[in-house]
Structure formats: C-alpha cells, structure tokens
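Got your viewer open and ready? Follow along and select each stop as we go.

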Amino acid sequence: MTEQYSVVVVGGGAAGLSAALVLGRARHRTLVVDAGEPRNAPAAHMQGYLTRDGMPPAEFLAIGREEIARYGVEFARGRVVEVAKGGTEDEDFTVGLADGRSVRARRLVVATGLKDELPAVPGVAERFGRDVLHCPFCHGWEVRDQPFGVLGTSPNSVHQALMVSQWSKDVRFFLHTVAEEELSDDDLRRLAAAGVDVVPGEVAGLVVEDDRLTGVRLADGSTHARSVLFVAPHAVPRNGLLEQLGAELHETPFGAYPVVDPTGLTTVPGVWAAGNAIGFAEQVVHAASGGYRAASAIVGDLLMSDLDAAVRV
C-alpha cells in the first residue's frame with residue numbers, strides 16, 4: 001500500500017525544514033525528501049541569521065532535522081524524480097523517489113533550491129566559499145579591508161564591484177570577459193567614485209600559496225596581489241519538478257522561477273515553492289521565512305478543504 005502523507009516537502013534546506021517544522025507542529029503527517037546538496041555547502045559558516053550568525057551550515061541543518069523529528073516529521077535521504085497530480089476528482093499527488101519508493105501527498109512544498117555554476121577560471125571552483133566568494137552580505141565582514149578582486153563576467157558585474165567597495169577600499173575590477181565598451185559612462189563614473197580600479201584583460205587563473213589566495217593572474221602573464229576574489233555564479237534553478245507539474249515560470253536575468261503568490265503558492269493548486277526555488281537572492285533567513293509562510297498557508301488550505309468536504313457529505 002502506498003504511504004499517504006498530508007504534505008511532502010521536496011528539499012531539506014532552510015526552506016524545507018522550516019516548512020516541515022510548522023507542518024509537524026500543526027499535526028500533519030509530513031515527509032521531507034532531501035538529496036543532500038545544499039547551495040551553501042562550500043561555506044564554512046553562514047552569516048546574517050539572527051542568533052545563528054557564524055554557525056556552520058551543516059550544523060544548522062542537523063539541528064533542524066532534530067527539531068522536526070520531535071513532531072513526528074519523517075526524513076528521507078534521496079531524490080524525487082517524478083511528481084504527478086491525480087485525476088479530476090483526485091487532489092492528491094504521487095511522488096516517486098529515485099530508490100523506487102512511491103508515496104502520496106495531499107499538498108507539496110518544492111524547496112529544491114538552485115545550483116551555482118561558476119566561471120571557468122582555473123582555481124575558482126576549488127576555492128569557492130573560502131577566499132573566492134560571491135555575496136558580500138554573507139562574507140564581507142569576515143574579509144573586510146583586504147585587497148579584493150571582482151571577476152567581470154557580464155556588465156552586471158559592475159554592480160558587484162560597487163557593492164563590495166563598502167567592505168574594502170582596495171578593489172580591482174577585472175574585466176575578464178567584459179569589453180571596455182560595454183561599460184557605460186555612468187558605470188565608469190560610479191566605479192571611479194567608489195575608488196574601484198578597472199583592470200582590462202582576461203583572467204587566466206589564481207595564484208595560491210600555502211592554501212590561500214594571494215593573487216590573480218592575467219592571460220598576459222601579469223599578476224595582481226589579491227586576498228579575495230568575488231565572482232558571480234550562473235544560477236541554475238532546480239525547477240524540473242515544477243515543470244513536470246505544469247507550473248507557470250517567469251524568466252529573470254538569473255533563470256526561470258515559478259510564478260507564486262505571497263505565500264509561495266504556484267499556479268498549480270496544492271503546490272507551494274520556497275527558498276531559492278523561487279529566486280536567486282533568497283538568503284537562509286529568507287528561505288526559512290518562506291518555508292514558514294508556505295506551511296502556514298497549507299495548514300489553512302487543508303483545513304478548509306476538509307471542512308468543505310464534510311459539508312458536502
């Protein structure tokens with residue numbers, strides 16, 4: 001017999017665990033399925049989350065799993081490979097896992113996040129989350145006042161170079177794949193006003209000594225002493241399950257994300273999304289909040305559905 005749940009949460013990061021906590025406390029049988037691929041896995045610590053500032057991401061998730069277990073929430077390590085909605089009179093969803101297991105759920109929370117694809121510069125992937133960074137709000141304080149570099153991969157990289165100048169007054173913007181003519185007059189004026197040096201030429205690699213970044217090497221052989229390099233990953237939303245269900249997506253400069261209402265409800269009745277599944281810029285604290293909002297909406301939705309069914313009987 002296929003197991004029946006009130007809610008299946010796909011993804012066990014901050015958004016998914018937060019949703020599961022609220023659902024478990026509301027006495028709904030809930031299953032969290034997690035592939036174990038959190039976006040912030042490369043980072044040693046997470047910052048900016050009140051009372052959890054500086055906590056290792058793995059510890060944060062482990063505590064979250066312990067908390068949801070107190071309320072009977074079940075946790076499965078694995079990957080959801082297929083989801084399908086029932087027939088016209090059937091509101092339930094069938095959820096298929098990679099191990100062949102299949103379960104039923106009345107509602108779904110998709111918190112599958114996204115994957116960061118890094119620029120193809122030798123050394124960047126190996127040092128990402130250490131001294132190759134992408135978010136000054138996440139890591140700026142820890143590397144403040146050090147010599148920064150910013151890797152240009154699109155004209156939008158100008159914004160990153162300007163932002164990080166709030167944490168260091170020694171910033172060099174390596175144009176890399178950005179042509180000088182792509183920079184507007186406003187870009188150049190703002191970079192100059194922020195004290196950011198613009199360095200033309202393609203970046204060929206990083207200089208690493210004693211397991212720490214010490215410089216950026218250009219294709220012409222010249223090197224620039226830098227302790228930190230900021231890059232802009234290409235965001236790849238993990239929205240395959242939402243596409244299977246026919247959820248409406250909208251294109252953004254950072255990928256295609258589901259159209260959702262303020263609670264995270266997608267255009268598919270019964271399916272909510274939260275965390276980086278709905279946007280590139282969702283930090284851990286935002287993801288946790290989004291999971292909470294989605295879960296509280298689901299609790300009310302299930303209640304009204306049950307009451308309406310009782311009235312019809």
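Select Arg 106 and Asp 306: their side chains make a polar contact at 2.7 Å. (A polar contact is a pair of N or O atoms within 3.5 Å; within protein, one must be able to donate a hydrogen and the other to accept it, and residues adjacent in sequence count only if both atoms are side-chain atoms.) This is a predicted model, where local features need pLDDT of at least 70, side-chain atom pairs count only at pLDDT 80 or more, and totals for chains, interfaces and linings use all residues. Numbering starts from 1 along each chain as its sequence is written, and side-chain values use heavy atoms, with hydrogens and water left out.

Stay on Arg 106, which sits in strand S6, residues 102-110. Helices (H or I, at least four residues) and strands (E, at least two) are DSSP runs, numbered from the N terminus. Leaving aside residues up to four places away in sequence, Arg 106 touches several others, including Tyr 5, Glu 91 and Leu 302; contact means heavy atoms within 4.5 Å.

Next, select helix H1 (residues 14-25) and helix H2 (residues 57-69). In H1, pick Ala 14, Leu 17, Ala 20 and Leu 21; they meet Phe 60, Leu 61, Gly 64, Arg 65, Glu 67 and Ile 68 in H2. Those contact residues divide into seven nonpolar, one polar and two charged (Ala, Val, Leu, Ile, Met, Phe, Trp, Tyr, Cys and Pro count as nonpolar, Asp, Glu, Lys and Arg as charged, and the others, Gly among them, as polar).

Finally, zoom out: the whole chain has eight helices and 19 strands. Its C-alpha atoms fill a box of roughly 75 × 35 × 35 Å, taken along the principal axes.
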